[in-house]
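Subject: Structure for your review

Dear colleague,

Please find below the structure I am handing over to you.

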Amino acid sequence: MSHASTAGGPTVFAEPTAPVKAVWTVNLSLATLAVFMAFMTPIQILLPLQLEHIDPHDKNDALSLVTGLGALVAVLANPLAGAWSDRTTSRFGRRRPWILGGALAGAAGLSITATQHTVAGVAIGWCLAQAGLNAMLAGVTTPIADRVPVTQRAQVSGWTGIMQSFGLVLGALITTLLITGVRSGYVTLAVLTVALALPFVLRHPEPSLPRALRPAFDARAFARSLWVSPRRHPDFGWAWLTRFLINLGNALGTLYLFYFLADAVHYGDPGTGVLILTVIYTLCAALTAIPAGVLSDRMGRRKVFVVLCSLVMAAAAVLLSLFHTWPSAIAAAAVLGAGYGIYLAVDQALVTQVLPEATDRAKDLGVINIANSGPQVLAPALASPVITHLGGYTGLYLTAALVILVGGLLVNRVRGVA
């Protein structure tokens, strides 16, 4: 495969024009599914069970410590891995080595976590897993910007986006119905992480970065490159803030769902209730993501869909704030999922259109991904005082609605995308 186009610019940096095939989208979606199944299943199921066995009296504090440290590693590892991916000159391309290497490292981290019998050991294992999985995430998020033309980007983003929700549901089903035991759950996830990454890694070549185009390494310049100035790149800054606020509102809305069902709705089995609502949420997200992506690509418009999804998601949060009943929770899950499905498809496409430099796509998408992981760290710190001092669950869900709405409206400050 040639490294340079006839126009003189390197193919590796060229804006893609040829549509990708369905098999390419399917295999990238499988790799994305692997990442989020490995991320979410331990947080939702395996880590709480493991830490409850290790330290039953302080299990909540232990879980907060372990997941908080993991989220900190995620915030740092994703843009760092992305920046190194942009500089990779392997003959296998820039992204595939990081997808496979990250999958193997993440699987090793999960396997190490499975064998731990102390809180410190679990924290170390989970941080290793997060480092590997975030290297893999840097690899799987960038091919859309590298290889997919703008006219197809929201549709492909819809398919990869719904894998986030499918990962949570599939992981929950595997580790509660098919696999018994915490250790076997971790090992199963480790095997699946690598297995689901292989089809994309093995079947889809990509152009290599010629060594002549890799800049000489300078530690200070490398560190400075991780900061993307919102003053110099305002569209990137507003897109980042939009994503951060919508994800923060979504995290506020889902973080205390278990306790909301137990304490406000008085649902008999809140654990099962959360699983039911998650399935409803995921199905509704799947139903809207692809159609919204196709329509956005055909219209050539992104911002109107982001505003629409924020209105829909805010309406779901208001519904939860006003009515504390099981039927209203089901309705809210459906509405929130429908809105989030639109968001997953269209916002990812919008973000790929505001990246500052073609040479730094993976690094810049890693910076964007901080707007996904950062809210997971901030939401618990915000939610607790809101519940205590600002009206309980009614105040929490009204706050979530407001944050989501502001985030959606701010997308209109992006000038370079319709």
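This is a predicted model: local features need pLDDT of at least 70, side-chain atom pairs count only at pLDDT 80 or more; totals for chains, interfaces and linings use all residues.

Aromatic rings. The structure contains eight aromatic pairs. In one of them, the ring centres of Phe36 and Phe39 are 5.9 Å apart and the ring planes stand at 65°, so this pair is edge-to-face; the angle is over 60, the cut-off for that class. Both residues belong to helix α1, which covers residues 22-54, and because they are three residues apart there, about one helical turn separates them. Phe36 has a relative accessible area of 14% and is therefore buried. Phe39 is buried as well, at 9% relative accessibility. Elsewhere, Phe260, Tyr393 and Tyr397 are joined into a cluster by ring pairs.

A buried serine. Ser165 lies in helix α6, which covers residues 153-178. With a relative accessible area of 8%, Ser165 is buried. Leaving aside residues up to four places away in sequence, Ser165 touches Tyr281 and Thr282.

A bent helix. Helix α14 runs over residues 361-389 and has 29 residues. From its first C-alpha to its last, α14 reaches 43 Å, close to the 42 Å expected at 1.5 Å a residue. Where does α14 bend? The bend is at Leu378 and amounts to about 35°, with a proline, Pro380, following within four residues. Just after α14 comes Gly391, whose phi is positive, at about 95°.

Yours sincerely,

A colleague

Technical notes. Residues are numbered from 1 along each chain as its sequence is written. Side-chain values use heavy atoms; hydrogens and water are left out. Rings of Phe, Tyr and Trp (its six-membered ring) pair if their centres lie within 6.5 Å; planes under 30 degrees apart count as stacked, over 60 as edge-to-face and the rest as tilted. Helices (H or I, at least four residues) and strands (E, at least two) are DSSP runs, numbered from the N terminus. Buried means under 20% relative accessible area, exposed over 50%, partly exposed in between (1.4 Å probe, protein chains only). Contact means heavy atoms within 4.5 Å. The expected span of a helix is 1.5 Å times one less than its number of residues. The bend at a residue is the angle between axes fitted to the seven residues ending there and the seven starting there.
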